[in-house]
Amino acid sequence: MIQLNNVTKVYNGIPVLENFTAKIDKGEFVFICGPTGSGKSTLLKLIFCEEIPDSGQIIFQDEDISDINRSRIPYIRRSIGFVFQDSRLLLHKTVYDNISIVLRVTGFSWKDTENRVKETLRLVGMEDRIYAVSKELSGGEQQKVAISRAIVKDPLVLLADEPTGNLDSKSALEIFQILEKVNKTGTTIVIATHDYDIVNKMKKKVISLENAQRA
Ligand code: ADP
Ligand code: MG
């Protein structure tokens, strides 16, 4: 589903990824692991078409996106959900508003929108907070809402960049368990993290960036 072939990405003359090759299959749950600065975020941005590689090839769903036409990017992103370390919610808006906006802009009816939002919140265990104002939620709860927002359109892939970076270990574990549940619905999950404890506990496929560091 996602393939990186000999991908090199250089910033200011310094390679962050060098001849990096990896493959992620449909339905997989994969950790991108490595210390700070090893290129985890860069790798996710390349898949999300937020960056383009200096050389090599990135294939998403049989399409070469390494040198993609800008007008094609929204189509690719329709299939991808993204969760950031800081949930990036509109804090003064309700949980419902934060999630439903994603559907309303693509023309879902009010009724379908409401049903989908409720269904998604049920999956992350937040259905009773649907009309809560986001700033009143804990960090872990905000991250659950961010995950809901990222999956409400039922993307093929969910990319998460250090989604538990700001959370205590109990909340972090909960988030990973939710991501496992999302994975069971068929969504491919790619998580960048430097939390080796959790990675060791979860026993999932690991793509390691230690060796991909600058020469
Ligand atoms: P990680 O997410 O593993 O911490 P990043 O992918 O964010 O690593 O960054 C890898 C390296 O690339 C770092 O040294 C960072 O400073 C550099 N870098 C990332 N983005 C840019 C950018 N837009 N411009 C210049 N350097 C960048
Ligand atoms: Mg990062």
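Tutor: On a 1 Å grid over the protein atoms alone, a pocket is an open set of points with protein on both sides within 12 Å along at least five of seven lines, and its lining residues have an atom within 4 Å of a point. This is a predicted model, in which local features need pLDDT of at least 70 and side-chain atom pairs count only at pLDDT 80 or more, while totals for chains, interfaces and linings use all residues. Residues are numbered from 1 along each chain as its sequence is written, chains are lettered from A and ligands numbered from 1 in the order in which they are written, and side-chain values use heavy atoms, with hydrogens and water left out.

Student: How much space lies in the largest pocket, and what lines it?

Tutor: The largest pocket holds about 310 Å³, a volume being the space filled by probe spheres set on the grid points. Of its 13 lining residues, Ile80, Gly81, Phe82, Val102 and Arg149 lie nearest the centre. Strand E6 (80-83) and helix H5 (139-151) are the elements that each give two or more residues to this lining.

Student: Why is helix H1 called largely enclosed?

Tutor: Buried means under 20% relative accessible area, exposed over 50%, and partly exposed in between (1.4 Å probe, protein chains only). In H1 (residues 40-47), 6 of the 8 residues are buried, so the rest of the structure largely encloses this helix. The buried residues are Lys40, Thr42, Leu43, Leu44, Leu46 and Ile47. After H1 comes Cys49, whose phi is positive, near 60°.

Student: What makes Pro74 count as buried, partly exposed or exposed?

Tutor: Pro74, which is found in helix H2 (residues 73-77), has 46% relative accessibility, and therefore counts as partly exposed.

Student: How do you know whether H5 is roughly parallel or roughly antiparallel to H6?

Tutor: H5 packs against helix H6 (residues 169-184) at an angle of about 20°, with the axes 10 Å apart. Angles under 35 degrees count as roughly parallel, over 145 as roughly antiparallel, 65 to 115 as roughly perpendicular and the rest as oblique, so H5 is roughly parallel to H6.

Note on methods
Helix = DSSP H or I, 4+ residues; strand = E, 2+ residues; numbered from the N terminus. 1 Å grid on protein atoms, 1.4 Å probe; cavity = no way out; pocket = protein on both sides within 12 Å on 5 of 7 lines; lining within 4 Å. Axes fitted to C-alpha atoms, helices over the stretch in contact; angles between N-to-C directions.
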